[in-house]
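Let's take a walk through this structure together, one local arrangement at a time.

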Amino acid sequence: MRLGKPVKKSRGRQQRRSKPKPESPKGPPKYAFPYFVPGQISSDLITSVYTPLLNEIADTILEQYATDYLEYQELVDEQQKQQQQNDSKTDDDDDETAAEEVEVHADGTVQSTVDDLPEPPKRPVFDSKHAIEELNIMLSDTANDFNSNDWKVRANAAKFERELDEKYGIFRPFITEHPEVEQFIKSVQRRHAMGYFSPFRKGSGPLSTTSSVVLLFMLQRQKLGMEVMILISLFLLVGLQPWALVALVALGHQQLNKRKKKPLGTMNKNIPNVEPYYKDMTDDQKKEMLTKPVGSPLASDETLNQYDVILLGTGPTTLYTAALLSRAGRKVLVLSNKEDASGCTNLSSADHKVNKIPFDLEDSNVGNLKTLQEELAPALCTTTDLQGGVRFAQIGSNVDGYAFEILSIPGMGSADGRDQIPFVVGASVDQLAEDAANCLGDAFASAFGSDSLSAQYASTTRAMNASSFSYYLSKIFPESSKSLLDSGHYENATVRPTQPFLDKSFPLNAHLRSLFAGIGMKHENIKPSQTSMGVHVTNVCAALSGEGMHYPIGGPRALCHALASVVEQYGGRVATGVSAKELVFGDVKTEAASNKDPPPPPCTGVKIGDNRTVKIAKPVGGDKDSEGAIICMDGFIYTFLHLMPTDIRDKYKVPRGLPVLTESRPVIKFLFALKGSAEELNVTGADYYRLPSAALPVDEVGEGGFIKCGEIGGSDYEEDESQNGSNSAKHRGKTSKKEKEEGVEEVKEGDTQEVTGMEASQKTKKKVKFDTGSSWIHISFPSAKDPSFSSCHGNNVTTCVVTIEADDDFVTLFDTKPRLYAVHTDKLVKGDKMTGDCSRLLERVMKDLVETFPQVGNKIIASEIRGPYRRGLTHNPERFAAKGIRADTPYPGLYVGGADLTVNTFSDSILGGWLAANAVMGYSVIDHQYLEKSITSDLAEFLEPPYEMEEEDLAIPYVPPEPVDPPTEETTDDNES
């Protein structure tokens with residue numbers, strides 16, 4: 001209390017104190033004991049209350065019992081007196097009285113009419129004064145016990161004994177002998193009562209609900225794993241105890257391990273292996289197999305409706321997918337539209353010695369061989385060899401640094417930007433960096449390890465490509481599970497063009513931009529500004545992996561023979577020369593058809609060229625583990641626009657994003673048989689590419705010294721000379737005056753089309769025409785890559801395959817949705833003869849071949865033209881942004897595999913087939929992401945291993961070449977002198 005200030009009075013307290021207290025009611029309380037006397041206090045209720053009450057009750061009972069007993073005794077005495085009077089009568093009177101006292105009923109029973117003796121009264125508890133005295137003694141003892149509190153001890157002891165019997169039962173003796181056990185049980189019970197063993201937390205959590213949601217959102221932005229996000233959510237929001245989370249993780253781990261050890265679907269737990277296709281063959285017979293096509297023609301009366309899976313396609317990817325599914329328990333039918341299911345072909349117009357030699361039409365160069373062999377082993381494994389006898393040889397030799405590519409890019413490496421200086425790409429990244437430093441001005445040759453932009457660029461692309469497998473794996477999982485996969489930077493790269501990435505990586509060196517643009521996209525003639533950066537990264541990493549490129553020994557036909565043998569030994573069939581006309585679909589379910597938007601019908605088969613319908617044996621909609629499937633390996637354009645019936649496509653549409661995509665320009669193949677071996681002709685196994693789409697850009701210096709990077713590959717448009725009065729050959733890859741003189745036509749764009757930076761009437765777009773020395777071309781010598789070619793086919797022939805883009809004379813691009821090419825096959829061959837356009841094109845290609853490789857000028861034995869061949873979707877960013885480019889389609893039972901799912905290379909197309917096989921078998925994101933379980937891992941686990949062999953079992957015998965020491969500086973100086 002502060003001095004000088006009065007205490008503040010509480011008005012409320014005064015009011016409460018001023019109220020009068022209510023008077024206590026008169027008489028005893030409402031619920032008081034009847035014998036309660038107000039004012040009398042007694043601590044002994046038994047003596048003062050219960051004893052008098054019980055004595056009064058006992059006296060009343062005793063008096064009533066005495067009265068009842070006296071009445072009973074009087075009745076008994078009266079009956080006894082009457083009985084004595086009856087005994088004094090005569091015998092006749094006794095008989096007559098007895099007859100009167102007895103009644104006989106109709107059923108023969110006899111009943112006496114004399115009254116029975118009355119029943120004596122029941123003896124009560126208090127039947128004497130002695131019982132009342134015992135009661136008083138018991139009450140006195142009880143009162144004394146209660147007054148001394150000894151009864152509480154005895155009662156607690158009795159209660160404890162009873163509880164022990166109820167809790168422990170037969171285990172009571174053990175617990176009594178071990179009190180520490182009882183103490184532990186009590187502590188556990190106490191904790192359980194306090195909620196320690198409840199899986200849910202009591203009370204508030206460590207964070208509020210709002211803070212928990214904000215924290216989860218921040219963790220999700222950091223791309224934390226979905227499994228960790230679920231555990232954090234259960235702890236913060238649901239309130240699970242830590243021990244419950246541990247138990248939940250342990251239970252989930254147990255279930256996942258159980259699933260990992262179990263084969264999926266139709267796969268058996270013990271898969272028998274197969275014999276090699278070359279078993280008991282001599283070396284000559286093995287070599288003879290390379291001249292035979294893979295597969296056999298289809299008989300007209302052959303039964304085809306007993307297969308579970310039908311694959312439409314040709315080549316190693318198709319047969320690899322079929323082999324995986326065959327080992328997984330499916331019965332597979334492969335329908336190839338070519339005479340050879342391997343994709344190889346033979347010359348039909350050549351000499352009989354040459355027409356048996358196979359020509360590899362596809363680019364069968366294998367990058368990242370170690371990874372590819374791990375994927376091929378479950379499909380190729382036999383009883384004698386893990387790889388089915390198939391081996392791969394590295395392209396090149398140690399003399400040339402295992403060179404596998406020769407890139408000719410207009411302007412790159414030349415001082416004036418006009419010449420085409422070939423650049424050799426080998427297996428060593430250090431060698432490429434050194435060549436770039438010596439020829440393209442990339443730092444110094446002695447410092448490429450730290451200062452070389454080329455080496456740094458290769459390292460950056462490897463880091464980006466690390467998540468490529470997760471990205472492609474997401475194409476077989478639902479969109480909702482995409483967050484479970486770490487696709488990282490690669491997914492972002494796939495939807496972006498390559499040009500800006502190259503400009504930022506090499507802002508001051510246009511030659512390096514052209515070099516890596518060519519390495520990143522050489523299989524298709526599209527510029528970096530139109531190429532997906534993900535494809536560019538994948539191709540650069542494959543070229544600069546350090547492993548180089550490899551080629552199957554015996555060619556792709558040897559590889560396909562091994563795969564086809566696996567399919568056939570498991571009950572499958574590889575049929576050749578079968579063209580598919582259209583897909584066959586079933587009916588929509590009645591309950592689904594009544595909805596507004598019925599689901600697409602299931603795909604049940606395919607109609608082939610002879611109008612027969614091949615249907616899968618197990619229809620879609622039955623058992624999920626064994627339902628049938630149709631897999632199209634030729635891409636989305638062929639599947640949905642060539643095979644699908646128009647009415648089905650118009651009603652149920654195509655996969656999402658497909659209408660905005662563009663088909664890749666078809667190609668034409670030229671086959672040349674050259675006289676002499678590869679060593680005699682001095683041709684290399686490295687593929688030659690001319691890449692006008694990677695032509696040297698023309699950079700411009702703006703105000704303030706700012707460098708504006710030019711467009712790599714030049715522009716598709718050029719100024720009209722009639723209006724500008726000058727040649728517009730400033731950009732590489734444009735139509736030159738020489739091209740116009742040779743008949744390269746130009747198509748003017750309409751006035752309605754907008755062209756950036758110039759009026760449409762002042763711009764012309766080049767028509768695609770093959771021009772010697774400038775157009776895109778790919779020249780390969782497959783026989784030079786195969787070390788067994790000379791021993792199998794003789795050393796007097798070399799095969800050469802030249803690939804070019806189809807001219808506008810042979811294909812036409814239609815501005816449809818999607819953009820498609822129409823192929824004019826009648827302009828190539830009419831009957832058995834080539835057309836005039838085709839003959840002129842062959843002359844230009846042959847001229848280009850001879851100018852590039854002069855040593856083959858007079859060595860051409862025979863030549864043929866094949867194509868045009870479709871190549872699926874172009875590699876632009878829109879292709880990877882489309883959500884519908886997936887292994888599964890909206891139509892149940894219909895799948896798409898191959899290069900359209902990944903990239904159009906040998907290794908990546910194999911990955912596309914692997915994705916399709918996993919999608920058909922039904923592997924989930926849990927299997928792949930957390931169990932590392934896939935069709936190949938399961939086959940490696942459950943497939944019977946090969947027998948132990950003392951020596952290597954090869955399908956194609958060959959002698960590897962002895963390594964040659966590279967020339968030293970002294971040797972080089974002597975040669976120069």
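This is a predicted model: local features need pLDDT of at least 70, side-chain atom pairs count only at pLDDT 80 or more; totals for chains, interfaces and linings use all residues.

Let's begin with helices. Two packed helices are described by the angle between their axes and the distance between the axes. Find helix α12, residues 316-327, and helix α22, residues 555-569; their axes come within 8 Å and cross at roughly 25°. Angles under 35 degrees count as roughly parallel, and α12 and α22 are therefore roughly parallel to each other. The crossing of α12 past α22 is left-handed. Which residues in α12 and α22 meet? From α12 come Pro-316, Leu-319, Tyr-320, Ala-322, Ala-323, Ser-326 and Arg-327, and they meet Pro-556, Leu-559, Cys-560, Leu-563, Val-566 and Val-567 in α22. Sorted by class, this contact of α12 with α22 has 11 nonpolar residues, one polar and one charged.

Helix α4 spans residues 129-148 and helix α5 spans residues 150-168; they pack with their axes 5 Å apart, at an angle of about 90°. With 65 to 115 degrees counting as roughly perpendicular, α4 and α5 are therefore roughly perpendicular to each other. Here Asp-145, Phe-146 and Ser-148 in α4 meet Asp-150, Trp-151 and Arg-154 in α5. The classes in the contact of α4 with α5 are two nonpolar, one polar and three charged residues.

Next, turn to the sheet. Three strands form an open sheet in the order β11-β12-β13, and their pairing is antiparallel. Its edge strands are β11 (580-585) and β13 (613-615), each of which pairs on one side only. On average, neighbouring strands of this sheet are turned by 25° against each other, direction ignored. If you follow β11 alongside β12 (residues 603-608), you will find five bridges joining the two in the antiparallel sense. A handy place to look is Phe-585, which stands opposite Cys-603 in β12.

Where in the chain do Phe-469 and Trp-914 sit? Phe-469 belongs to helix α17 (residues 468-473) and Trp-914 to helix α33 (residues 906-921), so that the pair links distant parts of the chain, 445 residues apart.

Notes:
Residues are numbered from 1 along each chain as its sequence is written. Side-chain values use heavy atoms; hydrogens and water are left out. Two strands pair if DSSP finds at least two bridges between them. Helices (H or I, at least four residues) and strands (E, at least two) are DSSP runs, numbered from the N terminus. Axes are lines fitted to C-alpha atoms, for helices over the stretch in contact, and angles run from 0 to 180 degrees between N-to-C directions. Angles under 35 degrees count as roughly parallel, over 145 as roughly antiparallel, 65 to 115 as roughly perpendicular and the rest as oblique. A crossing is left-handed if the near helix is turned anticlockwise from the far one by less than a right angle, and right-handed if clockwise. Contact means heavy atoms within 4.5 Å. Ala, Val, Leu, Ile, Met, Phe, Trp, Tyr, Cys and Pro count as nonpolar, Asp, Glu, Lys and Arg as charged, and the others, Gly among them, as polar.
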